[in-house]
Amino acid sequence: MQAINLRSFKQVVRHNKRRFRSFLTRLEKNVPRGLDNKVTIADKKVWEQIDCLSCANCCKTMSPTYTKKDIKRIAKHLDMTENAFREKWLYKDRSGDWMNKKQPCQFLDLKTNMCSIYAVRPRDCAGFPHHTKRKMTDYMHIYKQNVEYCPATYSLVEKIMEGVNAAS
Ligand code: SF4
Ligand code: SF4
């Protein structure tokens with residue numbers, strides 16, 4: 001398990017993000033055989049190496065989307081009304097989704113990188129970074145976005161790139 005150094009990650013990303021995004025665009029246009037299988041295998045390796053507790057960059061720089069059920073569950077857990085919860089912490093974005101007003105997320109303990117509402121956290125957080133949620137080609141826009149913020153997604157794309165380059 002590898003601790004994440006976010007400062008070096010940001011430097012590496014600055015140098016490589018354009019190359020990674022071009023690779024993903026090429027992959028989308030010319031899908032190699034068995035891509036989703038390769039993603040599943042690479043994803044397992046990623047999680048053997050990445051320690052999210054040394055990172056928490058998603059909670060520091062992005063907002064989850066809160067569903068109605070999330071709001072209901074978390075407000076109850078915090079002993080608040082749903083309205084009070086929304087008013088205190090959330091805003092509605094242009095697509096009508098409820099998002100965090102502030103970053104880092106108000107529920108992140110910055111000393112430990114732990115989520116203070118872990119057991120009732122939004123479903124979006126529980127599934128993040130959603131590597132194998134859909135076919136990779138249906139989720140390419142998310143990979144392109146997250147490769148800049150999530151060391152796990154970066155590592156996954158790097159592994160796929162190595163595999164595709166080795167096979168060509
Ligand atoms: S999911 Fe990605 S951004 Fe979030 S803590 Fe893990 S490696 Fe970091
Ligand atoms: S609710 Fe928890 S897991 Fe989700 S962004 Fe906030 S701190 Fe991170």
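A: Alanine 56 is placed in the loop between helix H2 (35–49) and H3. Its phi is near 60 degrees, a positive value in a residue other than glycine. With 20 other C-beta atoms within 10 Å, alanine 56 is buried, because 20 or more such neighbours count as buried. In this predicted model, Ala56 also belongs to the surroundings of ligand 1.

The shell around ligand 1 includes Ile50, Cys52, Cys55, Asn57 and Cys58 besides Ala56. By class, the shell has 11 nonpolar residues, one polar residue and no charged residue. Helix H3 (57–61) and helix H8 (151–167) each contribute at least two residues to the shell.

Proline 129 lies in the loop between helix H6 (123–127) and helix H7 (140–146). Histidine 130 is in the loop between H6 and H7 as well. Although histidine 130 is not a glycine, its phi is positive, at about 55 degrees. Histidine 130 has 13 C-beta neighbours inside 10 Å and therefore counts as partly exposed.

Serine 63 is found in the loop between H3 and H4, and it is buried, with 22 other C-beta atoms within 10 Å. Neighbours within four places in sequence set aside, serine 63 is in contact with Met99, Asn100 and Gln103. The C-alpha atoms of serine 63 and glutamine 103 are 7.4 Å apart, while the two residues are separated by 40 residues along the chain.

Proline 104 is located in the loop between strand E2 (98–100) and strand E3 (108–109).

The domain assignment of the protein chain gives domain 1 (6–52 + 131–167) and domain 2 (65–127). Taken over C-alpha atoms, the centres of domain 1 and domain 2 are separated by 27 Å.

Helices H4 (residues 68–77) and H5 (residues 82–89) have axes that come within 9 Å and cross at roughly 100 degrees. H4 and H5 are therefore roughly perpendicular to each other. On the H4 side, the contact is made by Ile71, Lys72, Ile74 and Ala75, and on the H5 side by Glu82, Phe85 and Arg86. This contact of H4 with H5 has four nonpolar residues, no polar residue and three charged residues.

As for the whole chain, there are eight helices and four strands. Read from the N terminus, the elements run α-α-α-α-α-β-β-β-β-α-α-α. The C-alpha atoms fill a box of roughly 55 × 30 × 25 Å along the principal axes. Of the 168 residues in the protein chain, 24% are buried. Among contacts between residues at least 6 apart in sequence, 70% join residues at least 24 apart.

Technical notes:
Residues are numbered from 1 along each chain as its sequence is written. Chains are lettered from A and ligands numbered from 1 in the order in which they are written. This is a predicted model: local features need pLDDT of at least 70, side-chain atom pairs count only at pLDDT 80 or more; totals for chains, interfaces and linings use all residues. A residue is near a molecule or strand if its C-beta atom, placed from the backbone, lies within 6 Å of it. Ala, Val, Leu, Ile, Met, Phe, Trp, Tyr, Cys and Pro count as nonpolar, Asp, Glu, Lys and Arg as charged, and the others, Gly among them, as polar. Domain bounds come from an automatic or database domain assignment. Axes are lines fitted to C-alpha atoms, for helices over the stretch in contact, and angles run from 0 to 180 degrees between N-to-C directions. Angles under 35 degrees count as roughly parallel, over 145 as roughly antiparallel, 65 to 115 as roughly perpendicular and the rest as oblique. Two residues are in contact if their C-beta atoms, placed from the backbone, lie within 7 Å. A residue is buried if 20 or more other C-beta atoms lie within 10 Å of its own, exposed if 12 or fewer, and partly exposed in between; C-beta atoms are placed from the backbone.
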